Amino acid sequence: MWRFSVLILLFSHLAVSSSSLGDSEATCSGIVPLPNRNDRISITDFGGVGDGRTVNTKAFREAIYRIQHLKRRGGTLLYIPPGVFLTESFNLTSHMTLFLAKGAVLKAVQDTWNWPLIDPLPSYGRGRELPGARYMSFIHGDGLRDVVITGENGTIDGQGEVWWNMWRSRTLKFTRPNLIELKNSKEIIISNVVFQNSPFWNIHPVYCSDVVIHHVTILAPQDSPNTDGIDPDSSSNVCIEDSYISTGDDLVAIKSGWDEYGIAFGRPSSNITIRRITGSTPFAGIAIGSETSGGIKNIVAEHISLSNMGVGVNIKTNIGRGGYIKNIRISNVYVENARYGIKIAGDTGDHPDAYYNPNALPVVKGIHINNVWGVNVRNAGSIQGLKDSPFTGICLSEINIHGSLNTNRTWKCSDVIGTSLKVSPWPCSELRTTGGSYSCSSTF
């Protein structure tokens, strides 16, 4: 009986989501069709107990083993009923849906000493925080296809405070685990789930393609270290839409590898759409970088609403990164209560080791930012390029950033070439000329 109920609830929820989207609002979520799973099992069929005390690792691993080896036609839906299911980290498999019912909570155990280790990413060369291996994400997958994580706004809770305290006290031995990492995978949908208290980054698709992340809520305290919301990393054809994110670091951060390791790996992030994101953070709302060594191109971000921010839009790289950031289009952004409205910088981020090449300079060009409205923003904008690799093709259009008393509403620029149209406050001299090769009036 519960299987029939799950099916009805799933399609009812999807119908409501589709209706609320509205015909007039663009969406990219159709790049990955939602699969129909006729085979459905419950975690309770494998001894799962949602009492918040029982450790359910064995139940999750047995359920996923069954999905992987029986290989039912069309894949299998694993149903998590209401309750608090405590578990260690576990791996997903291909052709499966992890479905969290309303009131269902997957909660990570806190005995960090037993957490499994995995190899560093080749595009990073080491753990992001510390040399060597890294802790496996709470929910992990490598080399997968056709995976859905969805439900009725159930919760995945990383119980990250123990990890944050280890970071603060400098007692970490390896890089903290992400909440979810899917690697070398494709045809991924993540929707209608609440993610909270991640030990490190929340959702990390790396070396992936055809990924849809929409209708999610991501929460972490604003003083929680490095709890990025969604980090597409050396991935392509990614759709991020209709989500609320409030964390301790960047809400959405696009990455593509770190210095010499990212250059050697050479896999860019490309064709990524970010749309209708709302949230707050002490850091950036929409971020590109600072790990950009594999290259980042063809990015669209639009209809973004941000409050209580560090930076509204932040494009960041550094010497030694190499790679490129190009063909970036950001529009229709509202920013309220922020340190900076727009920041583009060539001096951000650290290095994995002393072996990076200081002559590997990034190329930043074709950055189009249109229709930004800022309220109570302390600094309008800063664009600081590199002397030997100036940022070019920077185009600002229809931007109004309003401050308050005792705020610096001027722009700061260096080593940048670009144009502007209808920007207030009046931008720096490098951007004041309209027309020419990069006319703002012709790019929007």
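Q: Which residue's side chain does Glu 302 meet in a salt bridge?
A: A salt bridge is a side-chain nitrogen of Lys or Arg within 4 Å of a carboxyl oxygen of Asp or Glu, and here the side chains of Glu 302 and Arg 275 meet in one at 2.7 Å, N to O. This is a predicted model, in which local features need pLDDT of at least 70 and side-chain atom pairs count only at pLDDT 80 or more, while totals for chains, interfaces and linings use all residues. Residues are numbered from 1 along each chain as its sequence is written, and side-chain values use heavy atoms, with hydrogens and water left out.

Q: Where do Glu 302 and Arg 275 lie?
A: Helices (H or I, at least four residues) and strands (E, at least two) are DSSP runs numbered from the N terminus. Glu 302 belongs to strand S22 (residues 296-316) and Arg 275 to strand S21 (residues 269-288), so the pair ties together parts that are 27 residues apart in sequence.

Q: Is Glu 302 buried or exposed?
A: Buried means under 20% relative accessible area, exposed over 50%, and partly exposed in between, with a 1.4 Å probe and protein chains only. Glu 302 is buried, at 17%, and Arg 275 is buried as well, with 9% relative accessibility. Through salt bridges that share partners, Glu 25, Glu 241, Asp 242, Arg 275, Arg 276 and Glu 302 are joined into one network.

Q: How many salt bridges does a search of the whole structure find?
A: The search finds 19, including the one between Arg 128 and Asp 350, at 3.1 Å from N to O. That pair links distant parts of the chain, 222 residues apart, with Arg 128 in the loop between strand S8 (117-118) and strand S9 (134-135) and Asp 350 in the loop between strand S23 (324-345) and strand S24 (363-384). Arg 128 is buried at 17% relative accessibility, whereas Asp 350 is partly exposed at 41%.

Q: How many cavities of 30 Å³ or more are there?
A: On a 1 Å grid over the protein atoms alone, a cavity is a set of points where a 1.4 Å probe fits but cannot get out, and lining residues have an atom within 4 Å of a point. The count comes to 3 cavities of 30 Å³ or more, and the largest cavity has a volume of about 100 Å³, where a volume is the space filled by probe spheres set on the points, joined across faces, edges and corners.

Q: Which lining residues are the closest to the centre of the largest cavity?
A: Of the 13 residues that line the largest cavity, Leu 121, Arg 128, Arg 134, Thr 175 and Trp 201 are the closest to its centre.

How values were computed: 1 Å grid on protein atoms, 1.4 Å probe; cavity = no way out; pocket = protein on both sides within 12 Å on 5 of 7 lines; lining within 4 Å.
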